[in-house]
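Colleague: Please take me through this model one feature at a time, giving the cut-off behind each term when you first use it.

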Number of protein chains: 2
Amino acid sequence: MIYFDHSATTPADKKVLKAMEPYWRENFGNPSSIHAFGQRAVLGVDRARVQAAEFFGCEREEIFFTSGATEANNLALRGIIKVLKNEIAHPHIITSKIEHDAIIEPCRDLESEGIEVTYLPVDKRGMVNPEDVKNAIKENTVLVSVMYVNSEVGIREPIREIGKIVEKINESRQNEWQRTGAAKKLPKPGAIYFHTDATQAVNFFDCHVKKLHVDLLSMSGHKIYGPKGVGLIYIKKGVKISPIQLGGHHERNIRSGTLNVTGIVGLGEALSLITEADKEKNNKKIAALRDRLVEGVMENIPDVVLNTDRENSTPAHAHLTLRGAEGESVLISLDFEGIAVSTGSACASNSLKSSEVLEAMGVSEEDSHYSIRFTLGKDNTAAEIDKVIKILPGIVEKLRKMNPVYGK
Amino acid sequence: MIYFDHSATTPADKKVLKAMEPYWRENFGNPSSIHAFGQRAVLGVDRARVQAAEFFGCEREEIFFTSGATEANNLALRGIIKVLKNEIAHPHIITSKIEHDAIIEPCRDLESEGIEVTYLPVDKRGMVNPEDVKNAIKENTVLVSVMYVNSEVGIREPIREIGKIVEKINESRQNEWQRTGAAKKLPKPGAIYFHTDATQAVNFFDCHVKKLHVDLLSMSGHKIYGPKGVGLIYIKKGVKISPIQLGGHHERNIRSGTLNVTGIVGLGEALSLITEADKEKNNKKIAALRDRLVEGVMENIPDVVLNTDRENSTPAHAHLTLRGAEGESVLISLDFEGIAVSTGSACASNSLKSSEVLEAMGVSEEDSHYSIRFTLGKDNTAAEIDKVIKILPGIVEKLRKMNPVYGK
C-alpha cells in the first residue's frame with residue numbers, strides 16, 4: 001500500500017502516540033479539576049501550549065485549542081463578526097476564491113446575514129495578488145482571510161506581503177485619526193484583522209506569526225502526523241473576538257468544552273517534531289521525490305499539464321491534468337494497485353462538482369475533470385514513485401482509449 | 001491514587017483503546033477519501049455509527065458525531081433557532097435552572113439576540129416538575145431542553161414524562177389545525193422539539209430515544225470510559241436544524257470538519273461496552289459502594305447533609321454538605337491523601353461562584369460552600385470507600401476547628 005494523499009490526512013507519528021499514551025488511563029483527569037488527576041492533565045495541556053507557542057512564535061496565552069482547523073476557521077470568521085457587527089454597520093470581509101470550504105461556507109453563511117464578502121481572484125498559479133487585497137480594503141473592512149497554502153494545488157500565498165499591507169493600512173488609519181480625528185473626538189478606528197488558514201503550510205513553511213504579520217492563524221493536528229479531532233487557533237492579544245461554542249468558559253472563554261487532553265498533547269508533540277532542521281531535510285527529500293514523480297510522469301505520458309507551480313508551492317504537491325483520463329477513474333485504477341491519490345481536496349471529493357480552485361486558476365472544466373493530485377509525505381520512497389511512473393502510463397492509455405471524445 | 005470524580009471524566013477503557021489502535025497508523029485515511037485508506041476509515045466510522053444507533057435505538061442516519069457534548073448542545077440550541085427564527089417571530093425555549101453551562105450559556109447568548117428563554121425551577125431534590133414544562137409551553141415555544149441527569153447532585157430528570165407531554169401538545173396542535181386550520185388554509189403548526197443532554201445518564205439509565213420521547217439527545221465520549229474530544233448528537237429524522245460549523249458538508253451537512261476517526265471508533269466501542277447486563281451489574285455494584293460511603297460518612301461525622309436523592313439519582317453520586325468544612329479545603333486535604341473528589345461540576349470548579357444547581361434546589365449559599373461531590377466508577381472498590389470513611393472525619397474535624405464561625 002502506497003500513500004500519496006498527505007494533504008487529506010497523515011498517519012500519526014509513533015512519537016506522537018507515545019506522548020499521548022500516559023493521558024488515556026493514567027493522567028486521564030479533566031483539566032478543569034483541582035485534584036492531582038486534573039492537574040496532571042493540565043501539565044500535559046500546558047506542555048502542548050508551550051510547544052505550540054514556540055512553533056508559532058507567540059505567547060502561550062495566544063494559543064486556543066479547538067476540535068480542528070474547520071472549527072478554528074469558523075471561530076475566526078464568525079467570532080470576529082459577532083463582536084464587530086455591533087460596532088460597525090456593515091462589516092466587510094475580504095477572502096479569496098480558492099479558500100477551503102471551512103472559510104468559503106461560513107463566508108456565504110455570513111453573507112446571508114447581511115455581511116459583505118469580497119472573494120479575490122487568483123492568477124493561473126493560484127496566487128492572490130497582494131495589490132488586490134490592498135485595493136479591496138474599504139472603510140468597513142474588518143477582516144482579511146487568505147490561506148497560507150492551497151490544499152489542492154499546493155500554491156503558497158504571499159501571506160507576509162498581505163500581512164504587511166494590512167498592517168500598514170491599520171497604521172495609517174491610526175495616524176490619520178491621531179492627526180485629525182482625536183482632536184475632534186471621533187471614535188478611534190478599529191483594526192482590520194488578518195487571518196490565515198495555515199493548515200497545509202505547517203509541515204513546510206515558516207509559521208512564525210510575527211514574521212507572517214497575521215493576527216489569527218488556524219491549523220489542524222491530523223495534517224502534521226498528529227491526531228484527528230484537534231487543532232488550534234492563534235489569536236493575537238487584543239483581537240476582539242467572541243466565542244461560538246459556549247459553556248464552561250474553557251480556553252479563557254474563547255472555546256468551551258472539556259479539553260481534548262490526549263489530542264492536545266498529540267498536537268503539541270507533532271508541532272515539536274517539525275524542527276527547522278527536520279523541516280529542511282524533509283522538504284528537500286520530498287521535493288526531490290515530487291520532481292522525480294512529475295518528470296517521470298511527463299516523460300512517459302504525453303499531453304500532461306502540471307498545475308502545481310513548483311517554485312511557489314509546497315514540495316509535496318503535484319497536481320496533474322492527464323488529459324483524456326478522467327481523474328476519478330485514474331484514482332480508482334491506482335487504488336486497485338494499492339496506490340492512494342486524490343482528485344483534489346478530500347473534503348469535497350464525495351461531490352462531483354468541478355473544483356472551484358482550478359476554475360479560479362482558469363483551468364477548463366474538462367481539464368479539471370482530468371486531474372489528479374499527489375501529495376507526498378516524509379515516509380514516501382523513490383521506489384514508490386517509480387512504481388507510479390511504471391503503472392500510470394498504462395492506466396492513462398487505457399482510459400484514453402475508452403474516452404469517447406479524447407483524441408477523436 | 002483513588003478516583004471519585006467520574007462525573008468530571010473517566011479513564012479510557014482498555015478495550016476502547018484497542019478498538020482505536022488500528023486507526024492511528026494503518027486505517028488512518030480521511031473518511032472523505034475515495035481510496036482504500038479512506039474507505040477503511042469509513043468502515044470504522046460506520047461501525048461506530050451502528051454501535052451508537054443500537055445503543056440509542058435509532059437509525060444510523062440520525063447519529064451525528066461532534067467534538068463532544070458541549071458542541072452537541074450548542075448545535076441543538078443554536079441550530080434549531082437558526083432555522084426557526086426565520087419561520088417564527090419570537091421563538092421561545094424552555095429549559096431548567098440546573099442545566100450544564102453548555103446549555104445555560106448558549107441560552108443566555110440567544111437571549112441577547114432576542115430569543116425568549118424560560119428557566120424552569122426544580123424542587124429540593126433538583127427535579128423539574130413535568131407539569132411546569134406543560135404550563136410554560138406557549139404559542140411560540142419551539143424547543144424544550146432538559147438534562148437527563150444533573151452532573152452535580154446526580155438527580156435523574158423525568159425525561160420520559162416531559163417527552164410525552166411535549167409529544168401530546170404537538171399532537172393536539174396538529175389535530176386542532178386539522179379540525180379548523182387546514183380548511184382555512186392556515187399554516188401547519190411547527191413541532192416543539194424536545195432535547196436532552198444525556199451526558200451523565202448514558203452509563204446508568206436507559207437512553208433509548210423512542211422510550212424517552214426525545215427529538216434530540218447529546219452525549220460525550222469521555223464520561224463513559226471513551227476518549228475526550230468526541231461526542232454525538234442524535235437528531236430525529238425531520239427535525240429542522242441548521243449546521244453551526246460549516247465547511248466540507250461532513251455528517252450529512254450537519255457538522256463539517258474532518259471526522260475524528262479514532263475518537264469516533266472509541267466512542268462507538270465505549271457505547272457498545274455498556275450492555276444491559278453490565279449496566280445492571282455495575283449499577284448495583286456502584287450503588288452498594290455509594291451507600292457504604294454515604295452511610296459510613298454520616299455515621300462517623302455529625303452535621304452532614306446528603307444532597308443527592310438516592311432514590312432518583314445515578315448510583316454513582318454522593319453530594320454531601322459537611323457543614324463547617326469548606327468544600328475546596330476538603331477536596332485539597334483528600335487530594336493530599338491521593339483521593340480525588342470534586343466540589344461540584346469540574347467545568348465550573350475553577351470559578352469560586354456558588355453552585356447555581358444547589359441554589360435552585362434551595363441549598364443555602366453557606367451549605368453550598370461546605371459541599372463536596374463523590375462520583376463513583378465501575379472500578380472503585382470497597383477498600384477505597386473505607387479509606388475515605390477512615391480519613392474524612394479527621395479532615396472535617398480539623399477544618400471545623402479552624403472555621404471562625406462554625407459551632408462558635
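Colleague: How much space lies in the second largest pocket?

Modeller: This is a predicted model, in which local features need pLDDT of at least 70 and side-chain atom pairs count only at 80 or more, whereas totals for chains, interfaces and linings use all residues. Residues are numbered from 1 along each chain, chains lettered from A and ligands numbered from 1 as written, and side-chain values use heavy atoms without hydrogens or water. A pocket is an open set of points on a 1 Å grid where a 1.4 Å probe fits, with protein on both sides within 12 Å along at least five of seven lines. Taken as the space filled by probe spheres set on the points, the volume of the second largest pocket is about 550 Å³.

Colleague: Which element gives the most residues to the lining of the second largest pocket?

Modeller: Its lining (residues with an atom within 4 Å of a point) has 20 members, and B:Arg173, B:Pro187, B:Lys188, B:Pro189 and B:Gly190 lie nearest the centre. At least two residues each come from β5 (141-145) and α7 (159-181) of chain B, both being DSSP runs (helices H or I, at least four residues; strands E, at least two). With 5 residues, the element that gives the most is α7(B).

Colleague: How are α4(A) and α5(A) oriented to each other?

Modeller: Helix α4 (residues 69-84) and helix α5 (residues 101-112) of chain A have axes, fitted to C-alpha atoms over the stretch in contact, that lie 9 Å apart. In their contact, which means heavy atoms within 4.5 Å, A:Thr70, A:Asn73, A:Asn74, A:Leu77, A:Arg78 and A:Ile81 meet residues of α5(A), including A:Ile103 and A:Leu110. The packing angle is about 30 degrees, and therefore the two helices are roughly parallel, a term for angles under 35 degrees.

Colleague: How many nonpolar residues has the contact of α3(B) with α9(B)?

Modeller: Helix α3 (residues 36-56) and helix α9 (residues 261-273) of chain B pack at about 30 degrees, with axes 8 Å apart. Among the residues in contact are B:Val45, B:Ala48 and B:Phe55 of α3(B), and B:Ile264, B:Val265 and B:Leu271 of α9(B). Beside 4 polar and 2 charged residues, the nonpolar count is 10.

Colleague: What relative orientation do α11(B) and α14(B) have?

Modeller: Helix α11 (residues 327-336) and helix α14 (residues 382-402) of chain B have axes 10 Å apart and pack at an angle of about 135 degrees. B:Ser329, B:Val330, B:Ser333 and B:Leu334 in α11(B) meet B:Ile391, B:Leu392, B:Ile395 and B:Leu399 in α14(B), a contact with 6 nonpolar, 2 polar and no charged residues. The helices are therefore oblique.

Colleague: What is the phi of B:Arg252?

Modeller: Most residues other than glycine have a negative phi. B:His213, in the loop between α8 (209-212) and β7 (216-220) of chain B, has a positive phi of about 60 degrees although not a glycine. B:Arg252 is in the loop between β8 (231-235) and α9 of chain B, and its phi, again positive, is near 45 degrees.

Key. Axes are lines fitted to C-alpha atoms, for helices over the stretch in contact, and angles run from 0 to 180 degrees between N-to-C directions. Angles under 35 degrees count as roughly parallel, over 145 as roughly antiparallel, 65 to 115 as roughly perpendicular and the rest as oblique. Ala, Val, Leu, Ile, Met, Phe, Trp, Tyr, Cys and Pro count as nonpolar, Asp, Glu, Lys and Arg as charged, and the others, Gly among them, as polar.
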